Amino acid sequence: MNTVEIEATNECNTRCLHCPHETITRPKGKMTWDTFQVVADKVLAYGKTQAIDFAGMGEPTLNPNLPRFIEYFKGKIPTLITTNVSALTPKNIEKLIEAGLGTMIVSFNGADAATYELMMGGLSFERADKYLADLVQRAKGRMNVVANVSVTRQTRGKLNDIRRYLNDMGVEKISFSLCHNRGGHLKGDGICDTPIPPASIKRCDIFDYTLFVAWTGEALACCHDLDGVGRIGNLLTDPLEEIVRYKEGLRGRGAIFPMCASCNDLYRFSGEAQIAGKPVGEWVYALHANQSELAGMYIDALRQRDALVQAYEAQAQQSRAEAEQYRQQLAEAQSRLRTLEQRAQRAESLVSAYEQGRFMRLMRALKRAARQTNGRIVER
């Protein structure tokens, strides 16, 4: 368990085009200080967590306790949040920085008002532009700022413009995330047409390496569990070690929860963090931003990987054929051995019979000799 994702709230102040927030059926609310303290104390006592991510299905800055939550981990575990920027007033930015926030990930999906406001559910582009500029200036040397861009059908033709805009704003680290359907909750392909991985692929690095804690203290399968059906424990009542052991027992079993079967989140495979030495986000960007040279490099790397897989499969098939040949040869040898053993047994039987016959003939000869000897004695 590398990361604990804490849902400060699952309430949100916007309706982003690529987020099915309105389909949430589990209760909505904000994590209280008492609930947080129980969760945080168990995480700290566990001692193996590498990062705390305040994210989930809501806008974390809507919880007034967020700076206090972050400060609780200060100097102990690195913290990060994912935000839509809408609440990042100068005062709020300073509170988060002073609390010790390590990284702020801003969801920013447009370089112009039309695209941004379409993607971000009507949030003001003018206001976001102002808040982002102020954030970058205040964060210099004090906090990392990373932008996350969702690659949808609406944005993938504008990725170059978005990257240029963010770079000009002073944001150097940008992650391009291929859109996904949040465990099947975002319907249709008008926004996201990312294919669903084959059911035979059971891997999910999200479940394997991240523990998602809802605002209620419940441990759910992941943040895509909008219905609360993937409950694996409750940190208010269960030992964290017990929840982790339960998760470990479920690893590699595939679509074990209802939303898993429809999940097309690329970060199911986030353990493959590098392709040709570059982050997966750069690969996504290259494929959708007409960066033919860079995309070609990634595709070549994938083809090389595929060629290696095919070579290994060919070797395995050859080995299986050789093994089958050896099994056939062994079966033939065993058959010949059984035939020889049967012949030997027959020969032993014949020898035994022959020896028994010789013994009987000898006994008869001895008896005749004895009778003849007795007859001569009588005549005398």
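Of the 380 residues of the protein chain, 43% count as buried (under 20% relative accessible area, with a 1.4 Å probe and protein chains only). The model is predicted, with local features needing pLDDT of at least 70 and side-chain atom pairs pLDDT 80 or more, while totals for chains, interfaces and linings use all residues. Residues are numbered from 1 along each chain as its sequence is written, and side-chain values use heavy atoms, without hydrogens or water.

Colleague: Why are α1 and α8 called roughly perpendicular to each other?

Modeller: The axes of α1 (residues 33-46) and α8 (residues 240-250) cross at roughly 70° and come within 10 Å. Angles of 65 to 115 degrees count as roughly perpendicular, and α1 and α8 are therefore given that description.

Colleague: Which residues make the contact?

Modeller: K42, V43 and Y46 of α1 meet L240, E241 and V244 of α8, where contact means heavy atoms within 4.5 Å. These residues comprise 4 nonpolar, no polar and 2 charged; Val, Leu and Tyr are among the nonpolar types, Glu and Lys among the charged.

Colleague: What makes β5 and β6 a pair?

Modeller: Pairing requires at least two bridges found by DSSP. Strand β5 (residues 144-151) and strand β6 (residues 173-178) have 6 bridges, in the parallel sense, and S150 stands opposite S177 in β6.

Technical notes:
Axes are lines fitted to C-alpha atoms, for helices over the stretch in contact, and angles run from 0 to 180 degrees between N-to-C directions. Helices (H or I, at least four residues) and strands (E, at least two) are DSSP runs, numbered from the N terminus. Angles under 35 degrees count as roughly parallel, over 145 as roughly antiparallel, 65 to 115 as roughly perpendicular and the rest as oblique. Buried means under 20% relative accessible area, exposed over 50%, partly exposed in between (1.4 Å probe, protein chains only).
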